[in-house]
Amino acid sequence: MIAFLHPWVLAGLAAAGIPILLHLVQRREPPTVVFPAVRYLVAATQAHQRRLKLQNWLLLLLRTLLIVALVLAAAGPSAPARGVPGHAPSALVLVLDNSASSAAVVNGTARLTRLEAAARQVLARATADDALWLILADGVPRRGDPMTLGQLIDSAAPSPRRLDLGLALGTAEQVLGAESRPGEVALVSDLQASAVSPADITTPLLIARPADAAPRNVGIGSLAAGTQPWSSDGGRAVVSVVGDSGPAVPVSVRLGERPGRQALASVGGSVTVTIPGAPSGWWILTAETDADELRLDDRRVGVVRIAPVARVRWDPAERYVAAAAEVLERNRRIARGDEVTIGRLAAGTSVVEPPADPAELGALNRALGRRGAGWRFGALVAGAEGRREAGGRKRERAGAGGSARERAGPAGGGTVGLETTDSGAGLDRLRVLKRYTLEPSGSGRTGVIATVGGAPWIVRSDNVVLLGSRLDPAWTELPVAAGFMPFMDFLLNRAARGEVALVEAAPGDQSRLPDRVTEVRRGTERWTVEGGAAFHPTELGVYYLLAGHDTVGALTANLDPREVLLARAPDDQVRKLWRGARVVDLDDAGHDVFSAGARGDLRAPLLWAGLLLGLTEVGLASGWRRQP
């Protein structure tokens, strides 16, 4: 179907009637007078009139067609026909995949160099009437003219961000949704299989990818420092290697600038490396392997906190807390002392459980207020199961002559459905049967460590940590869960000291910061943030998290492990996933772009046709005028 860029110009087709109007006005019938002497000329005159009428009709047709051709050309028509010179004014979104995999070197040349050359060929086909956008690995559409977007392509470098191709195509589809011009998406990519994802694409899609196979590659997939903080005796690092199958590769792990420890790791497996001790502080842990075709995945960083283990005081009568503390003591994760008290409010750092007797709650809240804590215990909230258990115990106590307060139950208590904790630092999802609400005593709400359904469950204020539930199976399944020992280690060695988070992310990913964080630092760069807000690391490396002047955690930004796998998605798979996609080699990108809808610009053919019509009209009119 023919479409027009300026359909209002078609009103000018009315001018095609001008030659017909002039022909009718100039047509006059003279009076007929028959002379006997010229009767022999009648037959010749009638033959001449028939020839003259044919000439006039032919000139009339040529002049009308000339006007129609000029008006149609001015309206900017395009038609679904291949082979027409040029292309109709179009809207094009060019997606250039400069993600980390584009840094792979093939035959001595980086993939990105060829991708950029193909992208420049696409822009070279654009005209001033086209609307153009460019999407790079950050996923942000940028509008501009061919020169501006060409400069962006020239300055593009391999990005540590992972580009999800399905999401990028979806963004391009949204950009073109507001355009009235014919739209097209051109994806220039190495078509990494791990980056290909489903997308509902209705716009014509051209995919330009390398014809040669991707190189073999091996990289560091993960680096885990285990339970933290490390003691002065050192610790262990676990390194995994991913990539193409092959022989074991050498891995080096070092703490800070100290000499590294060497090990061999098989591809698809992991290796544990013992790291010697170091002075207390925050240390950068680095794992490296030999350089290959993709350098960005040959190094991975982590953060290790080295500090003396917490010296803890606990109540032997608290069955589950005491059992966990003794195990941690035997494994040299804590020591006996008075640095941290768990279970009750004490003079130093305290991890406070709610009291077993609700009558003691008021006194505990007043003591927290005198201490200057920013939180207090509120109402008791019980799940359906916990409420039934509590009711049974109250009836037993009431039958045995319990107090009126026991028979009535705690004031302000409520009943809710089954609750679970929200996954967070040091804690997975676990059932909570009973809990006290934790309420901020001031206008703010900071220091939240763990939540239940979004409500605070473990909080910290200065050197006081409040637990919303007692560490007892009647309150929460945590004491009988497999994660109880790591949780107690985290609670005593990190949370009680104010060190709340070691966050891992890939550049560009959204990472939710702990509630206490007020600033993020990386080298000389600083970002002022609000606790609980999202932070997007832009580059690889270590970002330290600060609360005021204290370092309370770190965020490590490393390459997404999926970027290590360089294998290209098969063309048939891509065509099935993105229906209607045309897959071509990089060298053909400039030739095939702007023809996705098979629409050609008809203005040039119409102008040439108008020129031929005009020359024909002039030639016929002049030639007939010279005839006797």
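A residue is called buried when its relative accessible area is under 20%, exposed when that area is over 50%, and partly exposed in between (1.4 Å probe, protein chains only). Keep in mind that this is a predicted model, where local features need pLDDT of at least 70, side-chain atom pairs count only at pLDDT 80 or more, and totals for chains, interfaces and linings use all residues. Residues are numbered from 1 along each chain as its sequence is written, and side-chain values use heavy atoms, leaving out hydrogens and water.

**View 1. Leu206 sits in strand β9 (residues 205-209).** Helices (H or I, at least four residues) and strands (E, at least two) are DSSP runs, numbered from the N terminus. Leu206 counts as buried because its relative accessibility is 2%. Arg582 is 376 residues away from Leu206 in sequence, yet their C-alpha atoms are 5.0 Å apart in space. Contact here means heavy atoms within 4.5 Å, and Leu206 touches residues including Val185, Leu187, Arg582 and Val593, not counting residues up to four places away in sequence.

**View 2. Arg111 belongs to helix α3 (residues 111-124).** This one is buried too, at 9% relative accessible area. Its side chain reaches the backbone oxygen of Ala213 at 3.3 Å. Leaving aside residues up to four places away in sequence, Arg111 touches Ser102, Pro210, Asp212 and Ala213, among others.

**View 3. Helix α6 (residues 319-330) crosses helix α10 (residues 484-495) at roughly 80°, with their axes coming within 10 Å.** That makes α6 roughly perpendicular to α10, a label for angles of 65 to 115 degrees (under 35 is roughly parallel, over 145 roughly antiparallel, the rest oblique). Axes are lines fitted to C-alpha atoms, for helices over the stretch in contact, and angles run from 0 to 180 degrees between N-to-C directions. Tyr320, Val321, Ala324, Val327 and Leu328 in α6 meet Phe484, Met485, Met488, Asp489 and Leu492 in α10.

**View 4. Strand β10 (residues 218-224) pairs with strand β11 (residues 234-243) in the antiparallel sense, over six bridges.** Two strands pair if DSSP finds at least two bridges between them. Look for Ser222, whose bridge partner in β11 is Ser240. Five of the seven residues of β10 are buried, so the strand is largely enclosed by the rest of the structure.

**View 5. Five strands form an open sheet with mixed pairing, in the order β29-β35-β34-β31-β32.** β29 (501-505) and β32 (525-528) stand at the edges with a single partner strand each, so one side of each lacks a neighbour in the sheet.

How values were computed: Polar contact = N/O pair within 3.5 Å; in protein donor to acceptor, adjacent residues only side chain to side chain.
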